[in-house]
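Hello,

Please find the structure we talked about below. My notes on it follow.

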Amino acid sequence: GVKFVPVAKTTLSYGRGINWGKRSGWFAVNTGVEWDLGFAQHVVKIDTTLGLELGERSKGMLQFYNTFGQNWSSVTIAPSYVFQTKKKKNNYVVGLEANSLVPNNVAFKFGVWQSF
């Protein structure tokens, strides 16, 4: 059967705008620790994002997801392209993800960001 285990999670995030030549963008680092309260195990995550405007409604983004467990670790690299609708309400993200634990697989990524 399925067993549910309580988990405690704490995170810390840092981000800032950047300029590269005439282009603007952003840099962000998100760190976190997840404690499995049932089995006393923990996982540490460090995610880094670098984004850069390519045009009025388009952006390029490069993300690195680092995960560390008790006796293992993994790195995921995720380059993406982000484009915004004319009404500037939705942003669509398309990209790829490659993880070091499954080096022969590359995943396609699709997402939607909404502005409120």
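I begin with Thr-67. Leaving out neighbours up to four places away in sequence, Thr-67 is in contact (heavy atoms within 4.5 Å) with Val-43, Val-44, Lys-45, Trp-72, Ser-73 and Ser-74. Thr-67 belongs to strand β4, residues 58-68; strands (E, at least two residues) and helices (H or I, at least four) are DSSP runs numbered from the N terminus. Thr-67 counts as buried because its relative accessibility is 13%. Here buried means under 20% relative accessible area, exposed over 50% and partly exposed in between, with a 1.4 Å probe and protein chains only.

Before the rest, the conditions. This is a predicted model, in which local features need pLDDT of at least 70 and side-chain atom pairs count only at pLDDT 80 or more, while totals for chains, interfaces and linings use all residues. Residues are numbered from 1 along each chain as its sequence is written, and side-chain values use heavy atoms, with hydrogens and water left out.

Overall, the protein has zero helices and seven strands. The radius of gyration, taken over C-alpha atoms, is 17 Å, whereas a compact globule of 116 residues would have one near 13 Å; the globule rule is 2.2 Å times the number of residues to the power 0.38. Along the principal axes, the C-alpha atoms fill a box of roughly 50 × 30 × 30 Å. Of the 116 residues, 25% count as buried. Among contacts with a separation of 6 or more, 33% are between residues 24 or more positions apart.

Ser-80 is in strand β5 and is buried, because its relative accessibility is 9%. Not counting residues up to four places away, Ser-80 touches Lys-59, Gly-60, Met-61, Gln-63, Val-93, Val-94, Gly-95 and Lys-109. With Lys-109 there is also a side-chain to side-chain polar contact at 3.3 Å. A polar contact is a pair of N or O atoms within 3.5 Å; within protein, one must be able to donate a hydrogen and the other to accept it, and residues adjacent in sequence count only if both atoms are side-chain atoms.

Next, the strand pairing, for which DSSP must find at least two bridges between two strands. β5 (residues 73-84) and β6 (residues 90-99) run antiparallel and are joined by seven bridges; Thr-76 has Asn-99 in β6 as its bridge partner. The two strands form a hairpin with five residues between them, and Lys-88 in that turn has a positive phi of about 60°. β6 also pairs with β7 (residues 106-114), antiparallel and over nine bridges. There, Asn-91 has Trp-113 in β7 as its bridge partner, and the hairpin from β6 to β7 passes through six residues.

Last, the salt bridges (a side-chain nitrogen of Lys or Arg within 4 Å of a carboxyl oxygen of Asp or Glu). The whole structure has two. One joins the side chains of Glu-34 and Lys-9 at 3.8 Å, N to O. Glu-34 lies in β2 (residues 23-36) and Lys-9 in β1 (residues 7-20), so this pair ties together parts that are 25 residues apart in sequence. The other joins Glu-34 and Lys-45 at 3.5 Å, N to O. Lys-45 lies in β3 (residues 41-55), so that pair ties together parts 11 residues apart in sequence.

Regards
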